[in-house]
Amino acid sequence: MPKFEVFNLPDAGEGLTEADIITWLVAAGDTVEVNQPICEIETAKSLVELPSPYDGVVAELLAAEGDTVDVGAPIVRFQVEGEGEPEPAAPEPAAAPAPAQAEPAAAPAPAQAEPAAEGESASGAVLVGYGVKAGSAKRRERQPHALEPIGGEEDDFPVLAKPPVRKLAADLGIDLTTVTPSGPGGIVTREDVEQHAKETSAKALATYAGDDQPWLESGVSTPDGRATRVPVKSVRKRTAEAMVASAFTAPHVTVFQTVDVTATMDLVARLKADREFQDVRVTPLLIVAKALLLAARRHPEINASWDDAAQEIVYKHYVNLGIAVSTPRGLVVPNIKDAHRLPLHGLATRLQELTAEGRAGRTTPAAMSDGTITITNVGALGIDTGTPILNPGEAAILAFGAIRQQPWVHEGEIQVRWVTQLALSFDHRLVDGELGSRVLADVARVMNDPAQGLVWG
């Protein structure tokens with residue numbers, strides 16, 4: 001007798017409530033081993049590979065690629081013992097006679113009170129396969145949707161589609177007669193409609209922009225083709241939630257300073273030529289990071305968080321330095337654990353690794369948790385300065401602007417020097433203007449004269 005086990009989506013981070021299924025690495029019928037990666041999920045701004053908890057055979061995938069799944073919901077079913085064919089994903093009701101499937105508006109059977117539409121349940125939109133109770137071998141039976149011809153019964157070649165698919169097409173303004181069916185017997189499926197919508201969107205975009213826009217790949221064109229709607233999910237959704245919470249919880253104050261960083265640029269050039277630093281990438285960001293760590297050591301009050309529930313200020317005795325990284329999926333802010341303990345070469349190594357992981361979409365939730373202070377390098381985009389929003393749970397964030405050659409008064413004469421702008425935003429509940437200004441001034445002093453770091457180090 002076959003034995004089946006259902007794998008529910010685990011919490012891959014701290015307190016996560018949902019994740020997006022990005023890619024299935026296995027298919028129904030595949031044999032898997034314990035700890036073999038079975039799918040990639042995107043959660044908390046990162047891609048995470050989920051390992052199989054069982055040895056066995058994949059009996060059924062309960063979520064599709066691109067679906068958003070709640071933590072604790074079933075995503076895959078395994079056959080872990082016995083032999084035999086896996087149970088079908090949606091068995092046909094045994095008592096339903098064949099003619100009943102031809103009725104386009106058949107009322108639900110009394111035993112199935114108000115059955116949900118395809119892919120939905122009484123509690124709202126969920127994934128195909130939801131509703132399975134723990135330990136149950138079969139999912140709840142549901143009334144099959146009748147296939148209805150589109151365009152009238154007199155058409156020589158009617159288009160067949162289920163009511164939910166017809167509704168989706170109507171909502172998107174899509175004529176089903178223009179959709180290429182892929183279902184058995186020429187049935188138009190939900191995937192067919194969604195693919196057609198994406199192709200329409202791509203054509204409209206090509207007419208407008210003339211080139212590829214990957215940020216619109218998941219979008220759907222409006223009926224007139226003049227706009228594309230992209231669902232707010234994954235990285236963008238979580239970033240928006242975090243920024244709104246931060247902006248409307250912590251009273252932000254920003255101070256600015258323009259500084260001559262010619263000495264920093266000279267130091268970067270020397271480090272690039274140093275044999276000890278040949279295996280890492282040296283940039284001005286490395287010196288800024290070291291300068292901020294030194295400033296936090298001199299002013300530990302900046303390395304704190306506000307506990308609203310307990311009405312306490314939590315002063316951290318460690319520095320987990322966050323670095324804002326731009327990725328194809330949006331902004332992520334991983335942090336370097338115990339950055340205050342690292343020598344300059346170790347800091348450069350972790351900066352390089354952290355940036356590469358972020359841009360590859362491989363940043364783990366653990367890497368983005370428990371940050372204490374952050375740097376955002378807006379200068380990499382050619383921006384002079386900005387007023388950054390705090391990473392939630394932190395007291396300060398430093399914006400590092402573009403470094404440009406400018407006229408500057410140096411030793412009583414106007415010279416061409418390397419100049420940048422720094423901006424420090426801080427939570428005014430934790431940091432007053434004097435403390436914030438002193439921290440920024442210390443960062444600027446090290447950037448102006450890196451040797452100052454030896455005095456404070």
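Predicted model: local features only at pLDDT ≥ 70, side-chain atom pairs only at ≥ 80, totals over all residues.
Strands of a sheet pair through backbone hydrogen bonds, either parallel or antiparallel. In this model, four strands form an open sheet in the order β1-β8-β6-β3, and their pairing is antiparallel. The edges of this sheet are β1 (3-8) and β3 (31-32), each of which pairs on one side only. Within the sheet, strand β6 (residues 56-61) is joined to strand β8 (residues 74-81), and Leu61 stands opposite Val76 in β8.

Another pairing involves strand β2 (residues 18-24), which is mostly covered, since five of its seven residues are buried. Its partner is strand β7 (residues 68-70), which runs antiparallel to β2, and here Glu18 stands opposite Asp70 in β7. The two pairings are set out below.

| Strands | Bridges | Sense | Facing residues |
|---|---|---|---|
| β2 and β7 | three | antiparallel | Glu18 and Asp70 |
| β6 and β8 | four | antiparallel | Leu61 and Val76 |

Rolling a probe the size of a water molecule over the atoms shows where empty space is left. The structure holds one cavity of 30 Å³ or more, and about 30 Å³ of space lies in the largest cavity. Its lining is made up of Asp384, Ala402, Arg404, Gln406, Val419, Thr420 and Gln421. The elements that give two or more residues to this lining are β25 (404-410) and β26 (413-427), and β26 supplies the largest share, three residues. Sorted by class, the lining of the largest cavity has two nonpolar, three polar and two charged residues.

Notes
Residues numbered from 1 in each chain as written. Heavy atoms only, no water. Buried < 20%, exposed > 50% of the residue type's maximum accessible area, 1.4 Å probe, protein only. Pairing = 2+ DSSP bridges. 1 Å grid on protein atoms, 1.4 Å probe; cavity = no way out; pocket = protein on both sides within 12 Å on 5 of 7 lines; lining within 4 Å. Points joined across faces, edges and corners; volume = space filled by probe spheres on them. Nonpolar A, V, L, I, M, F, W, Y, C, P; charged D, E, K, R; others polar.
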